[in-house]
Amino acid sequence: MDQWTLQMGYPVITILGNTTTENRIIITQQHFIYDISAKTKALQLQNNSYLWQIPLTIVVGNRSHVSSEAIIWVSNKSEHHRITYFDKGNWLLGNINQTGYFRVNYDLRNWRLLIDQLIRNHEVLSVSNRAGLIDDAFSLARAGYLPQNIPLEIMRYLSEEKDFLPWHAASRALYPLDKLLDRMENYNVFNEYILKQVATTYIKLGWPKNNFNGSLVQASYQHEELRREVIMLACSFGNKHCHQQASTLISDWISSNRNRIPLNVRDIVYCTGVSLLDEDVWEFIWMKFHSTTAISEKKILLEALTCSDDRNLLNRLLNLSLNSEVVLDQDAIDVIIHVARNPHGRDLAWKFFRDKWKILNTSCSKIYSQDILFHAENSLASILKNISLCI
């Protein structure tokens, strides 16, 4: 266990098919690192000497058959193994049901076979295997181990996916990717592609519905979480029906002064409504933020205010966050972070943070100041750095 508890991080396993001999594979392991510059530094620090004792579970399959699970203990940097039934027509899957604390990469041929399997019949693979494949593919692409088109091609099967975990794995990876691409010339290609993958499931699931007495029609927890995930993706990437529905719900709340927005999608509706509608909606949400005493609702309303496309309103909110009588000190950092996540407020938040650092530093405790600096570096500086690398 010393290898897993005393060494930094965790490994990535790469499985390569032997091009000259069938039923043979080459398995390599290395320290998994996201940052390219850190990889270079890691080599200087001789982190390439890291080794783990890895229990690699595998199955071999094709369109009609999946083998029983086998286990290979990987102890060296590179190993050759014989795998029964692994020929040109079969795919191989490692780390079954994500039981091991490592990532798995494959040669492009195997990735293509796995993508083909998902598109033809994804239920051959378990829910956790499908979620694991998506998570590994996006993470490997982000770290430079895999071309970006592979995880995006995996998404083609999602229109048939009915389980929450694979959708959650995809959405969790798509939002950071969206932040890297949203200022590039061809961003609309990426945006339209995501909307296309989401559209079918969004239509099937629809929105949460209320009974005649106003209570929410309950479905299973997994179903509601899946619906929420898909609605969030649809509204975030600009699905017209999703935008219209959110606007209607906000407008109904304002006109009736009765909040009939389902609880589990309120944050999505508030944010979408503020981003789409006029300043009056922002003022209405600001008023509700001050009048509500529910802490959870207050946080959702404050985050919604940061979703505006109006830079003047974002600047106003940033400056108001310095007044502890208006926005509590512990919530001020949330305002900076969420404005920074808004493409219209990214540069405003960074400028505000630098200009007001002395005030922030004076008014907060040392620990809190360090917390601000930590979040700002991760939500602003790293985003800007990644965008510059991407462009």
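Four strands make up an open sheet of mixed pairing, in the order β5-β2-β1-β7; two strands pair if DSSP finds at least two bridges between them, and helices (H or I, at least four residues) and strands (E, at least two) are DSSP runs numbered from the N terminus. Because β5 (78–82) and β7 (103–106) stand at the edges with a single partner strand each, one side of each is left without a neighbour in the sheet. On average, neighbouring strands of this sheet are turned by 25 degrees against each other, direction ignored; axes are lines fitted to C-alpha atoms, for helices over the stretch in contact, and angles run from 0 to 180 degrees between N-to-C directions. The model is predicted: local features need pLDDT of at least 70, side-chain atom pairs count only at pLDDT 80 or more, and totals for chains, interfaces and linings use all residues. Residues are numbered from 1 along each chain as its sequence is written, and side-chain values use heavy atoms, with hydrogens and water left out.

Val-12 has Gln-30 of β2 as its bridge partner, and Ile-13 has Gln-29 of β2. Strand β2 also runs antiparallel to β5, to which five bridges join it; here the bridge partner of Ile-25 is His-81 in β5. Helix α4 (residues 127–142) lies across β1 and β7 and runs at about 75 degrees to β7.

A three-stranded open sheet has the order β4-β3-β6 and antiparallel pairing. Its edge strands, β4 (70–74) and β6 (91–94), each pair on one side only. From one strand to the next, the twist averages 35 degrees. Strand β3 (residues 54–61) is joined to β4 by five bridges, the two running antiparallel, and Ile-54 stands opposite Val-74 in β4.

Helix α8 (residues 221–237) packs with α6 (residues 164–181), their axes coming within 10 Å and crossing at roughly 25 degrees. The angle therefore makes α6 roughly parallel to α8 (angles under 35 degrees count as roughly parallel, over 145 as roughly antiparallel, 65 to 115 as roughly perpendicular and the rest as oblique). The crossing of α6 with α8 is left-handed, a term used if the near helix is turned anticlockwise from the far one by less than a right angle, with right-handed used if clockwise. Contacts (heavy atoms within 4.5 Å) involve residues of α6 including Phe-164, Trp-167 and Leu-174, which meet residues of α8, among them Leu-226, Val-230 and Phe-237. By class, this contact of α6 with α8 has nine nonpolar, four polar and three charged residues; Ala, Val, Leu, Ile, Met, Phe, Trp, Tyr, Cys and Pro count as nonpolar, Asp, Glu, Lys and Arg as charged, and the others, Gly among them, as polar.

Helix α7 (residues 187–205) packs with α8 at an angle of about 145 degrees, the axes being 9 Å apart. The crossing of α7 with α8 is left-handed. Residues of α7 including Phe-190, Ile-194 and Val-198 meet residues of α8, among them Leu-226, Val-230 and Ala-234. The contact of α7 with α8 has 13 nonpolar, three polar and one charged residues.

Two disulfides (pairs of cysteine sulfur atoms within 2.5 Å) are found in a search of the whole structure. The torsion about the S-S bond of Cys-235 and Cys-242 is about -95 degrees, so the disulfide is left-handed.
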